[in-house]
Structure formats: structure tokens, C-alpha cells
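User: Hi! Could you walk me through this structure, one question at a time?

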Number of protein chains: 2
Amino acid sequence: MKKFRLFTPGPTMVPEDILLAMAHPIFHHRTPEHREMAIEVCELLQYLFQTKGHCPIVTGSGTSAAEAVIVGCLSPGHKAFVPRNGKFAERWAKVCKAFNIEHTTKDIEWGYGVKVDDVKQAMDADPKIDTVIVVHSETSTTTYTDVEGIAKLCRERDAILIVDGITAVGAIPVKMDEWGVDAYITGSQKALMLPPGLGFAAIGERAWNRIEGGNMACYYTDIKAYKASVDTGDAPYTPANTLILGTRMALRKIKEQGLENIWAETASMAKAMREAAAAIGVQVFAKDPVDSVTGLLVPEGVDEGKLRKTMKAKHGFHIAGGQGDLKGKMVRFSHMGYVDRFDTLGAISALELTLGELGFKFDMGAGVAAAQKVFSQS
Amino acid sequence: MKKFRLFTPGPTMVPEDILLAMAHPIFHHRTPEHREMAIEVCELLQYLFQTKGHCPIVTGSGTSAAEAVIVGCLSPGHKAFVPRNGKFAERWAKVCKAFNIEHTTKDIEWGYGVKVDDVKQAMDADPKIDTVIVVHSETSTTTYTDVEGIAKLCRERDAILIVDGITAVGAIPVKMDEWGVDAYITGSQKALMLPPGLGFAAIGERAWNRIEGGNMACYYTDIKAYKASVDTGDAPYTPANTLILGTRMALRKIKEQGLENIWAETASMAKAMREAAAAIGVQVFAKDPVDSVTGLLVPEGVDEGKLRKTMKAKHGFHIAGGQGDLKGKMVRFSHMGYVDRFDTLGAISALELTLGELGFKFDMGAGVAAAQKVFSQS
């Protein structure tokens, strides 16, 4: 039988047992059973984010949780630095703009992560900056930012660091408390291998102090309303409880497998994909590539639309195209969640078959062989 | 085998085939398949709300969609009247307060709907009022408000009428365009018989004109961002696509059965519940009862906690208690969504058995007999 494999960098494939578990007859959220479940999820989220901070659940897209944290931390009097190195970094600058949050930006060439020096220069130039918002894994450009380094600088300067970890958390190393990050955000449909519909935040003490002293006009995304829910399991507004049921299962699986093992295997799959690309003469786009999603430049002479269409219609691999200026130029493969090295080898195989059919010249089989070598060493 | 029946006024029971359909392997939302599905849902929502207006989908609790409409319609310069006759009416006044929206309220005795005269008096007293927010079916007090009458007044005074239809839409008659309502809101977990996680709005031309000229600070709940999605099927932020898949199925079922038939049967079940209560000497709380949910006062000498516990643990009927001042005094039974007259008869039977066990004196069987008479006449 033909198979379908979802390789987009979110949504990602959901384990079959979780899909079926979420088909559980519906139950009410103001019950001891739901509260117990929600509290367990919040505790498992602490493991996921590697923090002792509070981890509230917001029913909504990842954007709703990100807005809640940004708006909570940036009342009038504070100023943010939001370096823009992709579509999602741009979105957080738009949130600042929408809420009239004082902020400054710097456009960073797509394909590069934000450097500690970018943040240092911005802070030196403008001492009012007391908050930094960065994207750990910029999905749109498949690039990595050194959050650990930026967190160290933020601690030295006593600034709050908010990190969009939407395609980082659960895929690549995230050590919130060890690094000194103040707030992290993620969504359900990435490394957590769940359907979309939930946003998660992890908020440390410094950020909560900011939030509790805040006075921004907001209601649904007022993160203060969600704080109590972490201890009581009672959400302020009706929560997407079937998705929370799935989250408990996914997080239990993640804990059982161990974050370190998941991080190592994600890195292996990304390395295999990059080495395969090199072996068949296809270029990796990012100069600072992230391990949760790999972006490959479509070789000259190959039509991006045809490439993705053949991959999906003929071989059953749904990969993503590029966003913004990268539309038509890049294809992206996810390494997050319910995907393993053999799926990844399959994706490389399908890519080789597709490129061959589209007339691209290379040594057929060199990609899968290069990937296989990576897997044999890890 | 023992069975479990969820009779809370949201979440409500979800049809088994919809639960299983939502366990579909996950798919991407930037695809023709998803767009086609989302567009069909938006069209089916027009049928549900009985409107030619735009019906955007917001990933979030019903509160997120309500906030989006309220904030969109009430930029500075406008003033709202928000009569408070229950917990949800109070919530919309809180949203106004959170966003510094100019508004005035009137506290109405719980158990009563908002009357056309309440609105008329407020408008006469304050000509600045150009927007009215009412709750069609106040779930917390199980009361009905005459939206048609209030809409007529709002048209005469050229005011915008926003209606919380969260436990009304799909359960009791809602005729948005015929009545001249400007915006309606509902959520997935009530008469739409879906898990929680989606909010829906229906927005007419007058309201869109307000929204498009608006300038309130918001981002995730900026309803302008969702407008295009109604035509293109492309949500502004990652949508909860498995829930949207379920919505399509639920709305197709509703259309197939016919809204008029559903409204009539809901009214029958509510009438049966009220007549059953009268027959066993239990009082209906609301003076203006709504047909989507019935609230009964717990008879003197009966412990509300024991009543609900026995109903759930022994008989498998999960009913709701009261909210706010009605905590411990009232129990509520839903008549929304995937529930029929035989489930309702079962709920009445379980109530009689429970009251009997708790020592309440009445003519055992009088309730189910009274209900049966109602069903035999409809």
C-alpha cells in the first residue's frame, strides 16, 4: 500500500495511539480527573523546558502563548530588542507593534542566527532595552540561534530574555534554568507530535515579577489569568481538553525516551540529511543550520513546485516549501516528533528519486549512503 | 455495562464517528485539502447562524472569539451597554474593562433575561451608547434573552448588537440576518457537539465596517486578520485542523437534520425536563428559562453535592452544579448537541432515583411520566 509521511516542520506526524486516545468520549474540565491531568501536564512541561518555572497551557495557536508572554513582560516603561532573522521573529516584532510596545529591531540576513554581538551592540546603543525576544529555531529559514550565549549576556545586563522555542523545545537542547532564560514558548504541533491547538509557556521568577507588575490591556492572552491553573489544574476559560489528554501521553513518551536521547537522535537525522544533500550536490540553505528542520536550496534547473508535487503525489512525502523571499527556492524537511531515522532515510530516498526524474544529474544512491554512514556512527 | 452520559451544558457529548474521524492522521493546513475544508466550514457556519455575513474560525476557547468581536467593534469613541444577568454577561463586561472600553452595565436579577426595556432605558439615559452586548442563553443562570426584540430596538437606534450565542447557536432559534443582529459568537463544545478548542463568529456588514475602521491594540484576537480566511481557507495562525475536520462533520450532520427540527426537539427536551420537575415538586430556577439548558433548584433537605455525586458515580449522569451565588443550590442539565429524548428521559429517571435515595418525598415515576407526555405530543 502507498503510505503518506508528513515531513513539514509543523504540524508533524502524531503517534497512532495518541490519535486514538484523543478520541476518548468527551469529559468535563471542572472535574478532579481533568485537574489531575492538567497538573501532571504542567509538571511534565517543566521537564520538557528544563525549568522549575510555571508552565501554563493556553488554548490557541503557539502565537497566542507567545503574545501572552510578550504582552505580559512589556508594559509601558520597558523596551524590547527583537532581531528579525525570519518570518517568526518578524511576527513577534508585529505583536510589539500591535500593542504599541516600545521596541527596536535589527534585520539579520536570512540563514543566519542571531549572534550574541547583535544583542550586545543593540544594548550598548540603547540602554533602555531591558527585554530581548529571539527565536531559538527559526523555522522559516531553518536557522539556529545561540540562546545560551544570549541568555548569559541578558543576565549580565539584567535584561529579560523571551525565547520562541516553537520548533526547538523537545527537539534540540533547551535548558531554560541552567542557561538563565526567563520565558520560553512552544506549540503542540511540532516536537510534541500533537495536533495544533495548544500553546505552552514556561515562565521563570524574573519574568513573573515583570508580568505581575504589568498593566497591559489584554484579556484572553492575559497570562496572569493562567498562572493559578498550573497549581490547580483549572483553566481560566474552557480548555481544549482532548488535546491536553494527548499532551499528557506525548510528554510521558518524551520523558520515557529521555530528552537527551531525543536531542541526540534529532541531531543525527539532521546531520544525515545535510550529508546526504552534500553527497548529491544539493546545498543546505542555512549558514547556521538548526537540527529540528533542514532547508535545502532547490538546485538550478529544477522546478520547486514539481519537486514538492512529485515528492507528495508520487512518493507520499509531504515536505514544506520556502516562506517569504525563499518561496520557490527552498524545500524543508522536519526532524521533529514522531519521525525516526528510517523515515528520514526514506525522505532522502524519495528526494533522490524525485531529483532523478526531474533531470538533475547526480550519483543516484549517494545521498542514502551518506545518511547511512551518519546513522552507523551514532 | 454501566454507561456514562455527559449532561453538562458544555462540553457536551461528541458523536462517536466524529471522535474517530478526528483521529485522522495529521495533515498540513497550507494545502488545497485544508483550504477547501475550511471554506466549507465557513459556509456551513453561515447556515448555522442564518446569515450571509462572514464566519471566521478562531483557534481558542469561545472567549477568544468573543474578545475578538468585542474589541474589534469597540474602538475609542464607541460605548457599550453590557447588562449583567449571569457569569458570562459579567465576563464580557470584564473584557470591556480589561481593554479600557467605555461601557456601562446594569445588574439584572439572576434568573431573568435582559428585557428590551432594560436596553431602551440605558440608551435613553446615555445617548453615547452605540453598542449592546447580550447573552442569548445565559448558561450560568439557564435564562433566555429576547434577542429578536433587542435587535429591533438596536436597528431603530442605529446601534451595533453583539450576541454571545455560545449555548444558543445550533440549539434554539437564531436568525441573525432576519433579526438584524450584527455579530454572533459561539464555541465548539456546546450545540456543535465537538471538543473544546474553537471559537466561531458571524459578522454582518455593519459590524465589519466598525471593525475595519477600528484601531484597538490587539494581535491574536484581531478579527481583521481572520476575515480573509473565510474566503481563502488560510488561517492567519496555525489552526486546530483536526477540530476543524470535526466541525465540518458536525455541521454537515446539523444541516442534514435541519436546524428547525433541532430547535423543535431541543424545546421538547427542555419542556419535558421542566414538566418532569413540576411533577415531582422540584422548582425550575429561571423565570425566563432557556431551552438549551435547564437549571433546577435543589429541594430543601437535599444535599447538592450528594445529588450530583450520586447522579454521576451511581447512575453515570454527569450534570453541572450552579455557578457563583448558585453554587450548591442548583443543578443543570444540557439539551444541546448529541443528546436525544431517550437520554433525557434517562436523566429524569436518574434524578428521580437519586432524589428518592436522598430521602426527598415525591410520587416516584411522576417525572418520567410527565416527560413522556410531552414527547408524545411533539
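Analyst: Gladly! Two residues are in contact if their C-beta atoms, placed from the backbone, lie within 7 Å. This is a predicted model, where local features need pLDDT of at least 70 and side-chain atom pairs count only at pLDDT 80 or more, while totals for chains, interfaces and linings use all residues. Residues are numbered from 1 along each chain as its sequence is written, and chains are lettered from A and ligands numbered from 1 in the order in which they are written.

User: How many residues does chain B bring to the contact with chain A, and which element gives the largest share?

Analyst: Chain B brings 45 residues, and chain A brings 45 residues. Helices (H or I, at least four residues) and strands (E, at least two) are DSSP runs, numbered from the N terminus. The elements of chain B that give two or more residues are α1, α3, α4 and α10. The largest share, 4 residues, comes from α3(B).

User: Which strands stand at the edges of the sheet in chain B, and why is one side of each without a neighbour?

Analyst: Two strands pair if DSSP finds at least two bridges between them. In chain B, 7 strands form an open, mixed sheet in the order β2-β10-β9-β8-β5-β3-β4. Each edge strand has a single partner, so one side is left without a neighbour in the sheet; these strands are β2 (57-59) and β4 (103-107) of chain B.

User: Which residue in β4(B) stands opposite B:Phe81?

Analyst: Strand β3 (residues 80-84) of chain B pairs with β4(B) in the parallel sense, over 5 bridges. Opposite B:Phe81, the residue in β4(B) is B:Thr104.
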